[in-house]
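My entries follow the model shown here.

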Protein chains: 2
Amino acid sequence: MKVSGTRFRTIWLKGDDPGVVQVIDQRKLPHAFKVLELRTVEDCRAAIQDMTVRGAGLIGATAGYGMYIAALTSPEKGTRAFIEKAAEILVATRPTAANLAWAVNRQLAAIRACPTREESVKAALSTAAAIADEDAESCRRIGGHGKEIIIEMARKKRGGTIHILTHCNAGWLAFVDYGSATAPIYAAFDAGVAVHVWVDETRPRNQGASLTAWELGQHGVPHDLITDNAGGHLMQHGLVDLVLTGADRVTRNGDAANKIGTYLKAAAAKDNGIPFYVALPSSSFDFGRVDGVKNIPIEERDSGEVRFVAGKTADGKIETVQICPDTTPARNWGFDVTPARLITRLICERGVCEASEAGILGLFPEEKT
Amino acid sequence: MKVSGTRFRTIWLKGDDPGVVQVIDQRKLPHAFKVLELRTVEDCRAAIQDMTVRGAGLIGATAGYGMYIAALTSPEKGTRAFIEKAAEILVATRPTAANLAWAVNRQLAAIRACPTREESVKAALSTAAAIADEDAESCRRIGGHGKEIIIEMARKKRGGTIHILTHCNAGWLAFVDYGSATAPIYAAFDAGVAVHVWVDETRPRNQGASLTAWELGQHGVPHDLITDNAGGHLMQHGLVDLVLTGADRVTRNGDAANKIGTYLKAAAAKDNGIPFYVALPSSSFDFGRVDGVKNIPIEERDSGEVRFVAGKTADGKIETVQICPDTTPARNWGFDVTPARLITRLICERGVCEASEAGILGLFPEEKT
């Protein structure tokens with residue numbers, strides 16, 4: 001996607017130095033656009049853990065490049081042990097996103113098949129690039145499938161604007177390109193459909209306010225920022241035509257873990273008969289798990305994210321402010337799980353399916369046991 | 001209730017000057033405790049409009065004292081016109097809370113019955129005091145009725161802690177004393193029941209983080225601050241025993257307007273079979289209206305409340321930070337309406353009833369037509 005007119009992905013190899021991975025520092029957005037360099041496994045670990053990079057697809061792609069960096073920086077003696085240790089370190093950073101372990105395991109399989117260190121490095125590089133390219137291509141295809149849904153809605157609405165509510169950032173910043181939830185929006189917008197996006201701010205880290213609003217603004221898509229509290233009111237008053245979110249992990253039966261608060265929107269959408277779609281690349285599926293509410297691990301993060309809010313002051317400084325009394329305790333779960341019964345359809349790169357085991361396996365027959 | 005051990009109400013007449021109304025400046029909480037003086041109708045209007053005072057009951061009580069100030073500061077000639085104009089000004093400040101028009105109309109009736117300016121002032125003073133006293137007494141009684149519900153839950157849980165989720169501030173700061181949603185919590189806590197409160201931060205103005213957390217902390221009630229997004233996850237995992245909120249207006253059939261986001265919690269509570277109670281004094285009923293989603297006017301406030309967050313910096317200054325790009329537009333509705341079908345029971349000063357016309361009129365037979 002474009003930033004001030006220049007084409008960017010969220011992660012790439014530095015042109016003149018294949019030992020350096022570059023990423024957009026998403027902690028600085030929307031107030032500054034900075035590119036950060038990752039040169040070591042520790043750089044990659046930190047970038048995922050401190051949310052310099054975040055979002056299901058980009059976490060996977062960063063882990064993929066992290067494994068390449070591991071191979072590249074591994075010692076001549078003990079190469080394999082170094083790489084296996086790096087895999088452990090990377091997988092431990094964030095528990096909820098399925099793409100993380102998926103990317104690391106794919107790299108481990110590729111690397112383990114190589115007899116020499118040199119071949120390992122080569123295989124790890126091509127696998128990292130493949131993970132990133134496939135992520136972008138999957139999102140592009142999600143956009144194609146999802147666009148049809150929006151076009152059909154616009155047809156039924158006789159050309160009236162389609163109002164789409166989204167939560168958090170499942171935009172191109174959360175992937176390598178295009179995004180999952182935003183891909184259909186960009187595709188429909190580019191095709192000339194009148195769309196308007198309600199952007200949930202998405203406390204505690206405000207990825208909606210800081211990333212989705214920024215992305216949509218850069219691309220020129222009409223949107224309004226709202227608090228996470230507002231969506232139900234909008235739905236009750238006919239101001240939402242569809243809800244479209246991403247997912248960090250979807251179980252075999254269609255339960256979807258996504259940013260905390262997604263489930264509240266799904267429950268309200270159900271209460272108002274509004275379609276609720278979840279867009280995801282196949283790398284976000286966890287085919288080995290059912291009953292997401294019970295079985296998907298939910299990350300609990302630092303309570304400071306709830307007690308403090310960061311932003312830009314009137315004189316342009318980045319400042320953090322405390323919104324509660326000094327002694328107030330807080331809790332901070334990063335994700336919740338939307339049960340399959342509340343999801344109208346899943347949108348994947350292979351097509352659109354019911355959020356059910358039968359629906360999912362219809363698109364992924366190779367996962368049938 | 002107590003502030004650092006000293007007993008306070010949220011509004012009172014200055015002891016040595018009956019021409020001055022004093023209120024706690026709630027815009028400064030939790031970072032500073034300041035008392036503000038209101039001496040003119042304009043002071044009262046501004047205090048309601050800029051949310052120096054807020055909350056259903058306190059808006060009503062402030063409007064009541066505002067009408068007294070109007071009578072007191074009215075000219076010898078044109079007394080009545082001055083007072084009627086003040087009534088208009090005060091009613092126009094906030095459209096959603098029922099208590100506002102209720103208090104002003106009660107004052108108008110009292111004042112219109114007086115033949116002289118002097119008697120008008122006297123009647124307005126005693127009516128303002130009565131409105132405030134009745135508000136406090138209603139909340140105290142709500143506490144008594146609601147306490148029984150919590151005690152019964154604790155009995156069924158065999159003494160296990162009762163986890164209560166609340167939204168916004170329907171605490172003593174929103175009334176003259178005790179609060180509506182918090183009154184049962186304080187009463188149960190004081191009676192030795194193990195309670196714990198999940199405090200929704202309540203964006204955009206964070207009344208949960210800044211006021212409810214402060215109140216509960218002052219009284220020693222165990223609580224944790226959470227984002228508005230977290231409640232659904234907690235409910236899915238058995239961590240909420242009941243949801244208890246206030247209301248700014250409840251229709252004849254039991255639909256409840258309350259702070260934006262309340263409806264999302266009600267929909268999730270329904271989805272999880274968790275009881276959802278709404279506590280309110282009778283002054284918050286709008287017996288003349290049905291179908292709250294359609295017919296309760298919902299205030300739309302300045303979009304800056306969404307785009308900016310205020311709080312305390314590390315060096316103790318109050319600062320406002322922008323959380324989105326410079327050009328991002330935002331929308332900001334202040335309330336939403338929870339349909340009666342999602343409300344387990346209403347708790348009023350007269351008792352506990354179904355959220356239905358039959359249930360409500362069972363407690364308020366004088367409103368039968």
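Predicted model: local features only at pLDDT ≥ 70, side-chain atom pairs only at ≥ 80, totals over all residues.

Two strands count as a pair if DSSP finds at least two bridges between them.

**Entry 1: a hairpin in chain A**

I looked up S17(A) and S18(A) (residues 351-353). Three bridges join these strands, and they run antiparallel. Within the pair, Ile347(A) stands opposite Val352(A) in S18(A). How many residues lie between S17(A) and S18(A) in their hairpin? I find two residues between them.

I then checked the pairing of S17(A) (residues 345-348) with S12(A) (residues 276-279). These strands pair in the parallel sense, over three bridges. Here Tyr277(A) stands opposite Arg345(A) in S17(A). I wrote down that S17(A) has a parallel pairing with S12(A) and an antiparallel one with S18(A).

**Entry 2: a four-stranded sheet in chain A**

I traced an open sheet of four strands in chain A, in the order S13-S10-S11-S16, with mixed pairing. Which strands are at the edges? The edge strands are S13 (285-286) and S16 of chain A, and each pairs on one side only.

I looked at S10(A) (residues 249-251) and S11(A) (residues 256-259). Two bridges join them, and the strands run antiparallel. Arg249(A) stands opposite Ala257(A) in S11(A). H9(A) packs on this sheet and touches S11 and S16 of chain A. I noted an angle of about 30° between the direction of H9(A) and that of S16(A).

**Entry 3: a three-stranded sheet in chain B**

I moved to chain B and found an open sheet of three strands, in the order S3-S4-S5, with antiparallel pairing. S3 (11-13) and S5 (35-38) of chain B stand at the edges with a single partner strand each, so one side of each has no neighbour in the sheet. Neighbouring strands of this sheet are turned by 30° against each other on average, direction ignored.

S3(B) and S4(B) (residues 21-24) are joined by three bridges and run antiparallel. Ile11(B) stands opposite Val23(B) in S4(B). Which helix packs on the sheet? I find H2(B) (residues 56-73), touching S3, S4 and S5 of chain B. The direction of H2(B) makes about 25° with that of S3(B).

**Entry 4: where chain A meets chain B**

I looked up the contact between the chains. In chain A, 62 residues are in contact with 62 residues of chain B. The two chains bury about 5100 Å² between them, and 60% of this is on carbon and sulfur atoms. Which residues of chain A lose the most area to chain B? They are Asn229(A), Leu264(A) and Ile323(A), together 14% of what that side buries.

Next I checked polar pairs. Between chain A and chain B I have 26 residue pairs in polar contact. On the side of chain A that touches chain B, the elements giving two or more residues include H7(A) (207-219), H8(A) (231-236) and S14(A) (308-312). H9(A) gives the largest share of that side, seven residues. The residues of that side divide into 31 nonpolar, 19 polar and 12 charged.

**Entry 5: salt bridges**

Six salt bridges cross the interface of chain A and chain B. I looked up the pair Asp326(A) and Lys312(B), whose side chains meet in a salt bridge at 2.6 Å, N to O. Over all chains, the structure holds 58 salt bridges.

I also noted a pair inside chain A. Asp241(A) forms a salt bridge with Lys157(A), and their closest N and O atoms are 2.8 Å apart. Asp241(A) lies in the loop between H8 and S9 (242-245), and Lys157(A) in the loop between H5 (117-156) and S6 (162-166), so the pair ties together parts of chain A that are 84 residues apart in sequence.

**Entry 6: backbone details**

Most residues other than glycine have a negative phi, and most peptide bonds are trans. I listed some exceptions.

- A cis peptide bond joins Leu29(A) and Pro30(A), with omega about 5°. Pro30(A) is in the loop between S4 (17-24) and S5 (35-38) of chain A.
- The peptide bond from Arg203(B) to Pro204(B) is cis, with omega near 10°. Pro204(B) is in the loop between S7 (195-200) and H7 (207-219) of chain B.
- Cys168(A) has a positive phi, near 60°. Cys168(A) is in the loop between S6 and H6 (182-190) of chain A.

Methods. Residues numbered from 1 in each chain as written. Chains lettered and ligands numbered in written order. Heavy atoms only, no water. Contact = heavy atoms within 4.5 Å. Buried area = accessible area lost by both parts, 1.4 Å probe. Salt bridge = Lys/Arg side-chain N within 4 Å of Asp/Glu carboxyl O. Polar contact = N/O pair within 3.5 Å; in protein donor to acceptor, adjacent residues only side chain to side chain. Nonpolar A, V, L, I, M, F, W, Y, C, P; charged D, E, K, R; others polar. Axes fitted to C-alpha atoms, helices over the stretch in contact; angles between N-to-C directions.
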